[in-house]
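These are my notebook entries on one structure. They record what I looked up, entry by entry.

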Amino acid sequence: QVQLVESGGGLVQPGGSLRLSCVASGTVSSIVSMAWYRQAPGKERERVAQIFSNGGTNYADSIKGRFTISRDNTRNTVYLQMNDLKPDDTAVYYCYVDRWGSRANLLDYWGQGTQVTVSS
(Lines give C-alpha, C1' and ligand atoms only; values in the text may rest on other atoms or scores of the structure.)
Protein backbone atom coordinates (compact mmCIF):
# COMPACT_ATOMS: atom_id res chain seq x y z
CA GLN A 1 0.00 0.00 0.00
CA VAL A 2 1.00 3.60 -0.60
CA GLN A 3 -0.40 6.53 1.30
CA LEU A 4 -0.33 10.01 -0.24
CA VAL A 5 -0.65 13.32 1.57
CA GLU A 6 -0.96 16.50 -0.50
CA SER A 7 -0.45 20.08 0.59
CA GLY A 8 0.01 23.54 -0.89
CA GLY A 9 -3.34 24.36 -2.44
CA GLY A 10 -5.16 27.61 -1.85
CA LEU A 11 -6.50 30.80 -3.35
CA VAL A 12 -4.26 32.81 -5.65
CA GLN A 13 -4.75 35.72 -8.01
CA PRO A 14 -4.30 35.29 -11.77
CA GLY A 15 -0.63 35.41 -12.66
CA GLY A 16 0.37 34.12 -9.24
CA SER A 17 2.20 30.96 -8.23
CA LEU A 18 1.66 27.98 -5.97
CA ARG A 19 3.66 24.88 -5.20
CA LEU A 20 1.91 21.62 -4.44
CA SER A 21 3.63 18.85 -2.51
CA CYS A 22 2.75 15.19 -2.13
CA VAL A 23 4.51 12.87 0.30
CA ALA A 24 4.30 9.15 -0.32
CA SER A 25 4.66 6.59 2.44
CA GLY A 26 4.31 2.83 2.70
CA THR A 27 5.54 0.57 -0.11
CA VAL A 28 7.47 3.21 -2.03
CA SER A 29 10.42 1.16 -3.26
CA SER A 30 8.70 -0.03 -6.43
CA ILE A 31 7.14 3.23 -7.57
CA VAL A 32 7.12 3.62 -11.34
CA SER A 33 5.78 7.13 -11.69
CA MET A 34 4.28 9.99 -9.73
CA ALA A 35 1.85 12.44 -11.22
CA TRP A 36 -0.59 15.25 -10.67
CA TYR A 37 -4.12 15.20 -12.01
CA ARG A 38 -6.82 17.80 -11.71
CA GLN A 39 -10.56 17.91 -11.93
CA ALA A 40 -12.55 21.07 -12.43
CA PRO A 41 -16.30 21.25 -11.71
CA GLY A 42 -18.27 19.55 -14.46
CA LYS A 43 -15.16 18.28 -16.20
CA GLU A 44 -13.34 14.97 -16.35
CA ARG A 45 -10.19 14.37 -14.39
CA GLU A 46 -7.12 15.08 -16.50
CA ARG A 47 -3.44 14.37 -16.06
CA VAL A 48 -1.45 17.55 -15.64
CA ALA A 49 2.11 16.25 -15.29
CA GLN A 50 3.91 12.98 -14.71
CA ILE A 51 7.42 12.09 -13.67
CA PHE A 52 9.00 8.65 -13.94
CA SER A 53 11.57 6.99 -11.71
CA ASN A 54 14.24 7.71 -14.35
CA GLY A 55 13.39 11.41 -14.25
CA GLY A 56 11.47 11.53 -17.50
CA THR A 57 8.48 13.86 -17.55
CA ASN A 58 5.44 14.65 -19.59
CA TYR A 59 3.00 17.53 -19.40
CA ALA A 60 -0.45 18.41 -20.59
CA ASP A 61 -0.38 20.94 -23.42
CA SER A 62 -2.52 23.37 -21.44
CA ILE A 63 0.15 23.90 -18.77
CA LYS A 64 3.41 23.51 -20.69
CA GLY A 65 5.84 26.28 -19.90
CA ARG A 66 3.96 27.26 -16.76
CA PHE A 67 4.05 24.19 -14.51
CA THR A 68 7.04 22.08 -13.52
CA ILE A 69 6.92 18.67 -11.88
CA SER A 70 9.85 17.48 -9.81
CA ARG A 71 10.61 14.64 -7.46
CA ASP A 72 12.76 14.18 -4.38
CA ASN A 73 13.37 10.46 -4.13
CA THR A 74 15.10 10.78 -0.75
CA ARG A 75 11.90 12.22 0.69
CA ASN A 76 9.45 10.26 -1.51
CA THR A 77 7.92 13.57 -2.44
CA VAL A 78 6.63 14.97 -5.71
CA TYR A 79 6.14 18.67 -6.32
CA LEU A 80 4.18 20.71 -8.80
CA GLN A 81 5.40 24.27 -9.23
CA MET A 82 2.63 26.27 -10.84
CA ASN A 83 3.43 29.70 -12.26
CA ASP A 84 1.36 32.23 -14.19
CA LEU A 85 -1.82 30.66 -12.91
CA LYS A 86 -5.04 31.29 -14.81
CA PRO A 87 -8.68 31.02 -13.75
CA ASP A 88 -8.95 27.90 -15.94
CA ASP A 89 -6.42 26.22 -13.64
CA THR A 90 -9.00 26.23 -10.86
CA ALA A 91 -9.60 22.62 -9.86
CA VAL A 92 -9.02 19.99 -7.25
CA TYR A 93 -5.51 18.65 -7.78
CA TYR A 94 -4.80 15.02 -7.00
CA CYS A 95 -1.52 13.27 -6.42
CA TYR A 96 -1.15 9.90 -8.15
CA VAL A 97 1.38 7.12 -7.81
CA ASP A 98 1.74 3.80 -9.58
CA ARG A 99 3.98 0.95 -8.58
CA TRP A 100 4.69 -2.66 -9.47
CA GLY A 101 2.75 -5.18 -7.42
CA SER A 102 4.04 -8.60 -6.34
CA ARG A 103 2.48 -10.20 -9.43
CA ALA A 104 4.09 -7.78 -11.88
CA ASN A 105 0.84 -5.87 -12.07
CA LEU A 106 0.68 -2.10 -11.97
CA LEU A 107 -1.13 -0.73 -8.94
CA ASP A 108 -2.25 2.87 -8.61
CA TYR A 109 -2.97 5.12 -5.66
CA TRP A 110 -4.61 8.51 -5.26
CA GLY A 111 -4.37 11.29 -2.75
CA GLN A 112 -7.45 12.99 -1.36
CA GLY A 113 -6.94 16.14 -3.38
CA THR A 114 -6.15 19.76 -2.68
CA GLN A 115 -8.18 22.71 -3.95
CA VAL A 116 -6.54 25.33 -6.13
CA THR A 117 -8.60 28.42 -6.86
CA VAL A 118 -7.37 31.15 -9.18
CA SER A 119 -9.47 34.26 -8.86
CA SER A 120 -9.15 37.99 -8.42
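Predicted model: local features only at pLDDT ≥ 70, side-chain atom pairs only at ≥ 80, totals over all residues.

Entry 1, strand β4 and its partners. I looked up the pairing of β4 with strand β5 (residues 46-52) and found 6 bridges, the two strands running antiparallel. Strands here are DSSP runs of E of at least two residues, numbered from the N terminus, and two strands pair if DSSP finds at least two bridges between them. Within this pairing, Ala 35 stands opposite Gln 50 in β5. I then turned to the hairpin of β4 and β5, where 6 residues lie between the strands and Gly 42 takes a positive phi near 75°. β4 is also joined to β9, by 8 bridges and again in the antiparallel sense. There I noted Ser 33, whose bridge partner in β9 is Asp 98. As for cover, 8 of the 9 residues of β4 are buried; buried means under 20% relative accessible area, exposed over 50%, and partly exposed in between, with a 1.4 Å probe and protein chains only.

Residues are numbered from 1 along each chain as its sequence is written, and side-chain values use heavy atoms, with hydrogens and water left out.

How many salt bridges does the structure hold? I find 6, a salt bridge being a side-chain nitrogen of Lys or Arg within 4 Å of a carboxyl oxygen of Asp or Glu. One of them links the side chains of Arg 38 and Asp 89, at 2.9 Å from N to O. Arg 38 lies in strand β4 (residues 31-39) and Asp 89 in the loop between β8 (77-82) and β9 (91-100), so this pair ties together parts that are 51 residues apart in sequence. Both Arg 38 and Asp 89 are buried. A second pair is Asp 61 with Lys 64, whose closest N and O atoms are 3.2 Å apart. Asp 61 counts as exposed because its relative accessibility is 65%. A further pair is Asp 84 with Lys 86, at 3.5 Å from N to O. Asp 84, at 38% relative accessibility, counts as partly exposed, and Lys 86 also counts as partly exposed, at 37%. I also recorded one network, in which salt bridges that share partners join Arg 38, Glu 46, Arg 66 and Asp 89.

Arg 66 is buried, its relative accessible area being 10%. Its side chain reaches the backbone oxygen of Ser 62 at 3.1 Å. Leaving aside neighbours within four places in sequence, the residues in contact with Arg 66 (heavy atoms within 4.5 Å) include Gln 81, Met 82, Asn 83 and Asp 89.

Which side chain of opposite charge is nearest to Glu 6? Arg 45 is, at 8.0 Å, and Glu 6 is buried yet has no salt bridge; Lys and Arg count as positive and Asp and Glu as negative, with His and the chain ends not counted. Glu 6 is found in strand β1 (residues 2-7). The backbone nitrogen of Gly 113 is reached by the side chain of Glu 6 at 2.6 Å. Beyond four places in sequence, Glu 6 is in contact with residues including Cys 22, Trp 36, Tyr 94 and Gln 112.

Val 2 is buried, with a relative accessible area of 7%. Val 2 and Val 28 are 26 residues apart in sequence, and their C-alpha atoms are 6.6 Å apart in space.

I traced an open sheet of 4 strands in the order β1-β3-β8-β7, with antiparallel pairing. β1 and β7 (67-72) stand at the edges with a single partner strand each, so one side of each is left without a neighbour in the sheet. β7 and β8 pair over 6 antiparallel bridges, and Asp 72 has Thr 77 in β8 as its bridge partner.

Methods: Polar contact = N/O pair within 3.5 Å; in protein donor to acceptor, adjacent residues only side chain to side chain.
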